[in-house]
Amino acid sequence: MEEKRNLNCADEKVKNEVDEILKPFTQDKQNLITILNEVQEKYGYIPVIAQSEIAEYLGIPLAEVYGVITFYSRFTLEPKGKYNISVCMGTACFVKGSKEIVERAKEKLGIDVGQTTEDGLFSLDETRCVGACGLAPVFTVNNEVYGKATVKKLDEVLDELMKNN
Amino acid sequence: MINLTIDGISVSVPEGTTILNAARSANIDIPTLCYLKEINAIGDCRMCIVEVEGRRGFVTSCITKAEEGMVVRTNTPSIIESRKMVLDLILSNHVKECLTCVRSGNCELQALAEKYNVTSIDYEGEKIHYEIDDKSPSIVRDQNKCVLCRRCVGACKNVQQIGAIDSINRGFESTVSTVGNNSLNDVDCTFCGQCIEACPTGALREKDDTKKIFRKLKDNDTFTVVQTAPAVRVALGEEFGMEIGSNVEGKMVTSLKRLGFDRVFDTNTGADFTIMEEATEFIERIKNGGVMPMITSCCPAWVRFAEKNFPDQLDHLSSCKSPHEMFGAIIKSYYAQKFGIDPNKIFVVSVMPCTAKKYEAIRPEMENDEIRNVDAVITTRELARMIKQENIEFVSLEDSKFDDPMGEATGAAAIFGTTGGVMEAALRTAADILEGKDLGEFKYEAVRGGAGIKKATVNVAGKEIRVVVASGLRNARKIMNEIKSGNAYYDFVEIMACPGGCVMGGGQPIKSSKIRNVTDVRKLRADSIYTIDEKSTIRKSHQNPVLQNIYKEFFGEAGGEKAHKYLHTHYTKQEKYNLK
Amino acid sequence: MGKSIAEIEEIRTKKRAELDLRVNTSADTREKHILVCQGTGCTSAKSPEILENFRRILQEKNIDNVRVVKTGCFGLCSKGPIVIIRPEDIFYSMVTPEDCEEIINSHIVNGQIVERLLCKDVDGTVVKKLDELPFYKKQKRIALKNCGVINPEDIDEYIAFDGFKALTKVLTSMSQDEVIDEVSKSGLRGRGGAGFPTGKKWAFVKMAEGEQKYVVCNADEGDPGAFMDRSILEGDPHALLEAMSIAAYAVGANKGYIYVRAEYPIAVKRLQIAINQEREYGILGENIFGTNFKFDIEIRLGAGAFVCGEETALLESVEGKRGQPRVKPPFPANKGLFQKPTLINNVETYANITGIILNGADWYASIGTETSKGTKVFALGGNVNNVGLVEVPMGTTLREIIYDIGGGIPNNREFKAAQTGGPSGGCIPKEHLDIKIDYENLGSIGSMMGSGGLIVMDDSKCMVNIARFYLDFTVSESCGKCTPCRVGTKRMLEILTKICDGKGEEEDLEKLEVLAENIKKASVCGLGQTAPNPVLSTMKYFKDEYRAHVIDHSCETMECKAMAKIAIDPDKCKGCHLCTKVCPVNAIGGDVREIHYIDQEKCIKCRSCLTKCPFKAIGGGK
């Protein structure tokens with residue numbers, strides 16, 4: 001019961017925050033993706049309650065909002081890990097061995113691409129070109145870029161993060 | 001006119017005609033899968049591809065307009081190869097349970113595979129397994145059979161403007177589903193079933209309730225009563241190869257008797273009660289300054305829609321139960337009492353053109369004295385399957401009449417099955433009551449026809465009554481928004497969720513896109529219903545002698561206390577979503 | 001109140017004099033400008049910190065004749081972060097924030113060049129100035145002319161270098177048709193990939209019926225490994241806005257949208273700054289330069305869908321929907337954004353416009369080949385020494401780009417293939433290295449111009465695996481709308497995976513080819529229609545490699561791990577120990593100067609050692 005009340009409380013908070021995000025926008029469907037980008041930016045994912053607020057505000061079916069969210073890879077339905085490991089899979093990085101780096105990350109974290117570790121510490125993504133082709137291969141931890149990466153360098157970075165937590 | 005050549009044949013068509021339709025006019029049948037007239041034209045499936053001289057690549061004939069001087073080829077080896085490849089690929093990603101699929105024999109994918117002689121699948125590969133959604137009382141959703149034609153999305157989102165289902169995910173993982181893959185039961189779906197009518201395969205179907213009926217029919221301790229809705233009799237024959245709109249009332253009754261029902265009654269009788277009660281309620285609202293306009297409530301998909309989308313406007317809905325629920329209540333009260341049957345042992349089955357009626361029957365309010373009004377609802381399609389299973393040669397059956405004393409119904413009740421029918425039937429009765437005499441007027445032309453919204457002003461007893469008839473939920477929403485905002489004033493509103501009314505209900509025989517593209521199915525079925533009305537000896541509900549007798553013996557006054565107990569209901573706000 | 005033409009000219013004269021030292025090495029001034037690249041590449045290597053450090057140190061030392069300027073990309077990203085000192089044009093590469101102190105003390109204060117930070121060319125020669133680098137010699141910068149020269153966040157700097165001259169010219173002295181004629185005559189073709197003549201596109205939109213028209217910029221550069229458009233947006237955003245204004249005037253539009261990837265935060269920020277500045281100056285808005293012309297631009301962010309680079313998918317996305325392409329016709333010129341006539345060009349196409357208007361169509365048409373005029377920007381990447389951004393005249397050969405500009409292949413490896421056109425293009429083998437790059441030539445050898453990604457691959461790359469990489473990309477980026485692309489590319493990927501896993505059969509090659517041809521023919525949009533190209537082109541040029549995979553079940557490069565057993569050739573190993581250092585699992589044994597060996601139990605086949613070995617001693621058999 002207590003838990004449920006907390007949950008409702010949290011929902012209410014998200015609802016109010018999302019309403020704030022919505023305010024500057026006209027109730028025009030063309031704003032959907034811009035709004036979703038802002039919500040994603042704020043929460044790191046798009047909570048269900050936010051989805052229904054947006055649908056209601058723009059006067060479009062909730063399934064359509066969901067359809068748009070699941071179409072664009074930038075939008076996610078679950079929160080990411082504390083450390084989001086993102087390995088660049090742009091061609092420049094790929095030909096310099098980024099696949100090996102992903103494989104190693106999968107092995108070390110015990111998760112697949114797109115998943116989050118059970119303790120919520122790490123999530124793993126493949127991205128398409130972070131724009132640092134000169135530093136290929138590249139991986140990022142949250143917004144920090146690690147260039148000219150090797151499997152060994154990844155190991156070091158992950159070990160360090162694991163040690164600190 | 002536009003002149004073009006298709007497969008060497010000169011064709012002349014009006015400007016704006018698609019290549020697909022231009023070809024049809026020359027009896028060239030270009031195959032389609034995702035195209036469905038007035039519902040879906042998005043060019044996804046790539047079956048209707050053709051070659052046009054001077055154009056690079058294939059042209060999508062279902063959306064590309066014919067142009068002057070075009071030279072079109074619809075069947076080159078290259079096109080055929082690609083169509084076969086497309087079918088191979090669709091089938092490689094399809095659960096091939098064809099033998100046990102409800103749509104076997106009536107599946108558009110199966111028909112295309114047959115047409116193109118696809119006898120093996122060269123590109124088998126990974127399939128995504130989806131859980132079947134059978135939580136709702138009305139609709140079963142099996143994405144494993146979905147071919148991504150999105151016709152259902154066209155029906156739900158564009159035609160009905162509900163959008164309970166939509167395209168979700170991307171690429172190979174694309175599918176049609178609800179928000180968060182929740183059950184239709186827990187989202188804004190109204191159970192109208194228009195998606196089922198649009199689906200070319202078995203991905204969407206009605207919840208099958210035939211098994212429990214067979215069980216009850218074999219149980220000697222149960223008194224089984226079946227009632228059939230007005231629209232069923234003009235469509236059932238289609239399931240047995242008969243012409244669209246054939247009136248098979250007599251054969252239907254015979255087959256129901258052969259199936260073993262103890263009594264076969266006509267929901268039309270129930271409809272006469274609905275008119276009696278509704279006309280009375282309407283007159284009372286006018287006289288006592290009640291909430292106006294009054295809106296009909298016999299369509300359960302509409303009621304669910306209103307409860308979810310316009311919870312603050314529920315006062316407008318007539319408190320009358322729908323005809324089959326009224327009739328169920330009468331059977332288990334008046335009839336049971338009169339014939340000394342234990343109402344607990346009566347099992348009432350309603351045969352409906354509708355999937356939402358399955359949901360209506362399990363609504364908690366639909367009971368009296370702790371006895372359910374209706375115990376099972378099956379659609380026209382399910383009835384056809386029961387008949388087939390029981391070795392009944394339907395087409396050559398002799399005609400029978402509904403059982404007495406509840407088989408008598410009026411022409412007014414018959415037209416319930418089409419959009420505008422309830423309004424017309426109610427006006428016939430209300431006018432007579434208000435004028436205090438038999439006006440003899442039957443036809444209210446303004447509320448007839450297939451238009452989605454029909455408005456009229458009729459003069460009844462010196463009073464202008466503004467009426468509007470809406471079919472299709474998109475139109476319902478439009479009218480409700482008008483009412484809510486106070487921008488329009490009406491006295492009486494009829495709303496049916498399915499475009500065209502019950503004759504086009506979600507439980508009716510499924511017509512392939514090929515038929516729907518060239519035939520006005522609604523009109524054929526509706527015409528048949530109006531013919532029934534015209535041939536009826538009694539055409540006004542309040543003149544039905546059975547009804548008059550039951551009021552005298554049991555209910556007393558129309559709109560009276562007892563009538564309210566058994567024949568009326570109430571509505572409650574519903575959450576639009578109950579997401580997991 | 002907006003600025004008049006006279007006021008703009010006044011800013012130009014004043015600012016141009018102030019910035020002369022940027023382009024004139026013999027400028028007579030005691031001022032110096034330290035230019036620090038703030039493109040995405042250098043930014044990820046801490047260039048913002050470098051910028052801050054310079055500013056802080058200068059302030060501490062009270063040096064007031066030196067200005068620190070943030071600029072866009074200089075091009076040679078592999079040497080980043082890059083710092084250039086003007087007017088002397090000294091070029092420091094791979095600068096760290098810690099180097100700032102030394103640069104100021106030595107270079108600025110004492111006039112002593114910091115030798116250790118100078119750039120070394122591939123052959124080891126030390127290069128002091130940008131212009132001396134072979135990397136720059138064969139380039140011709142039109143679209144990138146301001147990148148690395150001006151501060152992209154300062155509209156006045158843009159004005160100083162001819163900014164808004166073209167727009168003024170168009171608004172005051174040219175009719176709509178004259179503008180379109182000029183663009184047509186220049187021979188400019190769409191730089192987004194397909195190469196449709198730009199002038200023709202503009203003419204279609206102008207002719208289309210409708211009061212409301214739109215101008216859209218496709219800045220959804222999704223091709224993995226391509227960053228041409230990003231560099232223009234980051235380095236010279238006003239050039240894009242000015243060109244869009246010119247286009248809007250020519251076609252009769254009053255509203256513009258720029259659809260840009262949300263993954264390009266720096267570009268988005270600079271674009272927004274530029275738009276705000278132009279609004280402030282009245283260059284966007286009503287009555288621009290006192291004329292009747294009105295125009296405004298809004299940014300729309302993409303959200304991670306490659307298919308939105310397809311123009312109709314992009315329009316759907318701008319409208320707030322899933323980015324699923326529409327069936328054409330109708331084309332956007334007639335029914336585009338919100339069903340209104342719409343002009344869509346990509347960033348690089350627009351970036352050529354002001355040059356054409358100012359210097360004339362004849363000037364532009366004099367550059368390039370018979371069918372492809374002007375220059376093309378390429379993002380040169382992969383196994384090549386000089387990774388970066390290059391702009392070359394059409395007709396330059398691949399060999400010139402890869403060897404003269406790119407400095408050849410590193411690590412003593414051999415060239416194997418160059419990939420252009422990204423997931424829509426193909427792999428070009430050695431025998432076509434001397435092909436002159438233009439739209440037709442690339443098409444004729446099974447590739448395409450594409451947006452400008454140019455990835456070089458050395459002989460350690462398995463072409464089947466590369467094909468699989470591209471297919472993997474297409475499968476995850478397919479929108480899912482039409483059957484051939486949605487299911488077909490998935491099936492192709494499955495077959496390729498089977499082959500790479502060593503389970504392929506000979507008949508798989510034919511199946512793959514038949515499927516590929518049908519996907520090309522039957523798909524709705526460009527993505528599906530070109531998705532099979534990487535497979536078809538590798539099958540064409542590297543058939544033997546495919547056959548080795550399916551018949552012998554072997555992968556020479558060992559990239560296909562299922563078939564790989566990595567071993568050290570005792571005849572070639574010099575015991576240099578480089579491999580043991582990179583091995584993440586300590587699977588390599590052997591003392592220094594002794595022959596090394598690999599413990600197969602421990603080896604995870606990551607190939608780190610294989611690419612590191614300078615003697616090509618690591619390879620293996622089946």
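Guide: Two residues are in contact if their C-beta atoms, placed from the backbone, lie within 7 Å. The model discussed here is a predicted one.

Visitor: With that in hand, how many residues of domain 3 of chain C are in contact with domain 4 of chain C?

Guide: In chain C, 10 residues of domain 3 are in contact with 15 residues of domain 4. Strand E14 (residues 426-429) of chain C gives the most to the domain 3 side, with 3 residues. By class, that side of domain 3 has 5 nonpolar, 5 polar and no charged residues.

Visitor: And how far apart are the centres of domain 3 and domain 4 of chain C?

Guide: Taken over C-alpha atoms, the centres of these two domains of chain C are separated by 22 Å.

Visitor: Which domains does the assignment give for chain C?

Guide: The assignment for chain C lists domain 1 (31-134), domain 2 (155-363), domain 3 (375-458), domain 4 (463-552) and domain 5 (565-619).

Visitor: How is chain A divided?

Guide: Chain A has domain 1 (2-71) and domain 2 (83-164). The C-alpha centres of domain 1 and domain 2 of chain A lie 30 Å apart.

Visitor: Turning to the interfaces, how many residues of chain C are in contact with chain A?

Guide: The contact involves 45 residues of chain C and 38 residues of chain A. Among the elements of chain C that give two or more residues to this side are helix H3 (40-44), helix H14 (311-318), strand E11 (375-382) and helix H27 (608-612). By class, the side of chain C that touches chain A has 18 nonpolar, 20 polar and 7 charged residues.

Visitor: What about chain C with chain B; how many residues are in contact?

Guide: There, 26 residues of chain C are in contact with 30 residues of chain B. Helix H20 (463-477), helix H21 (483-500) and helix H22 (506-522) of chain C each supply at least two residues of the side that touches chain B. H21(C) gives the most, with 8 residues. That side of chain C has 10 nonpolar, 7 polar and 9 charged residues.

Visitor: Now into chain B itself. Why is helix H12 of chain B largely enclosed?

Guide: Helix H12 (residues 380-389) of chain B is largely enclosed by the rest of the structure because 7 of its 10 residues are buried. The buried residues include B:Arg381, B:Glu382, B:Leu383 and B:Ile387.

Visitor: What do the buried residues of H12(B) pack against?

Guide: They pack against strand E9 (204-206), helix H6 (210-217), helix H7 (249-259), strand E13 (346-352) and strand E16 (376-379) of chain B. H12(B) is followed by B:Asn391, whose phi is positive, near 60°.

Visitor: And strand E19 of chain B, which residues are buried on each side?

Guide: B:Phe492, B:Glu494 and B:Met496 are buried on one side of E19(B), and B:Val493 and B:Ile495 are buried on the other. With 5 of its 5 residues buried, strand E19 (residues 492-496) of chain B is therefore largely enclosed by the rest of the structure.

Visitor: Which strands pair with E19(B), and is the sense parallel or antiparallel?

Guide: Strand E12 (residues 294-295) of chain B runs parallel to E19(B) and is joined to it by 2 bridges; the bridge partner of B:Ile295 is B:Val493. Strand E18 (residues 463-471) of chain B also pairs with E19(B) in the parallel sense, over 5 bridges. B:Val467 stands opposite B:Phe492 in E19(B).

Visitor: What unit do E18(B) and E19(B) make with helix H15 of chain B?

Guide: Together with helix H15 (residues 473-485) of chain B, E18(B) and E19(B) make a right-handed β-α-β unit.

Definitions and conventions: Residues numbered from 1 in each chain as written. Chains lettered and ligands numbered in written order. Predicted model: local features only at pLDDT ≥ 70, side-chain atom pairs only at ≥ 80, totals over all residues. Domains from an automatic or database assignment. Helix = DSSP H or I, 4+ residues; strand = E, 2+ residues; numbered from the N terminus. Nonpolar A, V, L, I, M, F, W, Y, C, P; charged D, E, K, R; others polar. Buried ≥ 20, exposed ≤ 12 C-beta atoms within 10 Å, placed from the backbone. Pairing = 2+ DSSP bridges. Right-handed = clockwise from strand over helix to strand, strands pointing away.
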